[in-house]
Amino acid sequence: MPTTVTTFRPTATALRHQERQVLSAVGCGLRDDEIAAALAIPEDAVAEHLARILMKLGLRDRAAAVVHAFDCGLVVPGRGPRTLPVRPVPRTTAVRAAGPKVRISLLGPLRAWWDGRPLDLGHPRQQAVLAALALGAGRSLSQRELLDDVWGMEPPATNVVPVYIYRLRKALRVGGGPDPVIERGLRGYQLVSGAVDVDVARMEELVTRIDKADRAGEPLEAVRLCAQALELFHEEPLAGLPGPLAELERLRLTERRIAIVQRKLEWQLRLGQDSEAIAELFALSAAHPLNEPLTAMLMRALYRNGRQADALTVFERARRLLADDLGVPPSRLLRRAHQMILRGDEAGLGLIPVAGSTTGP
């Protein structure tokens, strides 16, 4: 429901002193329990004050009150409340009890679910605020950081971050639980530890396990873990989200996916599973035609599969593409793979199966 828009500059002079304090704290994004503790009043009294504030000022809801607090100058963007240094009550980071968590997916268009039910996260800019918090991996982000991450060099006319945080809290407060998924820390906002399951964090955990399997000389386990990590990706990461952070993370996460694919295919080639790798390499090379390590891997897989002519054709196509698009010759890596294929040097190509592996399908 849209926030009430007034045609005059709002004023809080009609409010009593404690009502102004409550409105100031609401504008800072504090919850009722945090306001109650800061002002030393019962939480029920906070709700009563807020109801009177909305009625006196003709505001529709809490989100409108947040905007009003900024518009009338009770809260100054980037500097917190002007008249009351309301501080959140220090809270210990508690791990939520076992049960359904809010699942957040960033490895594709931003989506969130609770207990299998999709959640409405609002418009793209509001979603970008949630993405920044999810990518923060539990780190507290200030309003200034969120403005920089989501708006960059073109900040909004007013500080809408508290409004978006309030709306996201409502969207993510599911199952009738009293606790929000987003909490206010000492520096800013962060996701509550144990309340969310972010696919990027799960992917990074799998990469750590892949590294461990690699060091332990367990290629089959490494391939299995790589496949699990790749299943988390759906389309382009953070697809459609605005802002500098989303743009950078799209590039980083896309490169992360390519690196995981390369590791999986490298192990498959060393295990002699070239047939399984060829189709995936063709698709990946088509999507990233200037990625020379991928091209070299495809050439090796084709050669191992008895398709030397196809491997040489892939090299020629890559050579022409590099010359036409970039005006450069093939890299040393690509030239070396080409020369070894011409010589039939399977050992140099890394095509000798690893010890203890089973070749073929």
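Student: Let's start with a helix pair. What kind of crossing does α10 make as it passes α12?

Tutor: A left-handed one: that is how α10 passes α12. Keep in mind that we're looking at a predicted model. As for the general idea, two packed helices are described by the angle between their axes and the distance between those axes. Here, helix α10 spans residues 244-270 and helix α12 spans residues 292-304; their axes come within 11 Å and cross at roughly 20°. Angles under 35 degrees count as roughly parallel, so α10 is roughly parallel to α12.

Student: Which residues make that contact?

Tutor: From α10 you have Ile258, Gln262, Leu265, Glu266 and Leu269, and from α12 there are Pro293, Leu294, Met297, Arg300, Ala301 and Arg304. Sort the residues of this α10 and α12 contact by class and you get 7 nonpolar, 1 polar and 3 charged.

Student: Let me try another pair. At what angle do the axes of α5 and α7 cross?

Tutor: Roughly 80°, with the axes coming within 10 Å; α5 covers residues 124-135 and α7 covers residues 161-172. The range for roughly perpendicular is 65 to 115 degrees, and therefore α5 and α7 are roughly perpendicular to each other. On the α5 side the contact is made by Arg125, Gln126, Val129, Leu130 and Leu133, and on the α7 side by Tyr164, Ile165, Arg167, Leu168 and Leu172. By class, the residues of this α5 and α7 contact are 7 nonpolar, 1 polar and 2 charged.

Student: What about α13 and α14: how do their axes cross?

Tutor: At roughly 155°, coming within 11 Å, where α13 is residues 308-325 and α14 is residues 332-343. Angles over 145 degrees count as roughly antiparallel, so α13 and α14 are roughly antiparallel to each other. The crossing of α13 past α14 is left-handed.

Student: Which residues of α13 and α14 meet?

Tutor: Gln308, Ala311, Leu312, Phe315, Ala318 and Leu322 in α13 meet Leu334, Arg335, His338, Ile341 and Leu342 in α14. That contact of α13 with α14 has 8 nonpolar, 2 polar and 1 charged residues.

Student: While we're on α13, where does Arg320 fall on the accessibility scale?

Tutor: Arg320 is found in helix α13, and it is partly exposed because its relative accessible area is 46%. For a distance, take Pro330: its C-alpha atom and that of Arg320 are separated by 9.0 Å, at 10 residues apart along the chain.

Student: Now backbone torsions. What is phi of Asp115?

Tutor: Near 55°, a positive value in a residue other than glycine. Asp115 is in the loop between β4 (111-114) and β5 (117-118). Its relative accessibility is 57%, so Asp115 counts as exposed.

Student: Where is Leu238, and is it buried or exposed?

Tutor: Leu238 is in the loop between α9 and α10. It has a relative accessible area of 0%, so Leu238 is buried. Leu238 is not a glycine either, yet has a positive phi of about 55°.

Student: Zooming out, how many helices and strands does the chain have?

Tutor: 14 helices and 8 strands. Of the 361 residues in the chain, buried ones make up 48%. The accessible surface comes to about 18,100 Å², and carbon and sulfur atoms account for 53% of that. For sequence separation, take contacts between residues at least 6 apart: 66% of those join residues at least 24 apart.

Notes: Residues are numbered from 1 along each chain as its sequence is written. This is a predicted model: local features need pLDDT of at least 70, side-chain atom pairs count only at pLDDT 80 or more; totals for chains, interfaces and linings use all residues. Side-chain values use heavy atoms; hydrogens and water are left out. Axes are lines fitted to C-alpha atoms, for helices over the stretch in contact, and angles run from 0 to 180 degrees between N-to-C directions. Helices (H or I, at least four residues) and strands (E, at least two) are DSSP runs, numbered from the N terminus. A crossing is left-handed if the near helix is turned anticlockwise from the far one by less than a right angle, and right-handed if clockwise. Contact means heavy atoms within 4.5 Å. Ala, Val, Leu, Ile, Met, Phe, Trp, Tyr, Cys and Pro count as nonpolar, Asp, Glu, Lys and Arg as charged, and the others, Gly among them, as polar. Buried means under 20% relative accessible area, exposed over 50%, partly exposed in between (1.4 Å probe, protein chains only). Accessible areas come from the Shrake-Rupley method with a 1.4 Å probe; for residues, only the protein chains shown count as cover.
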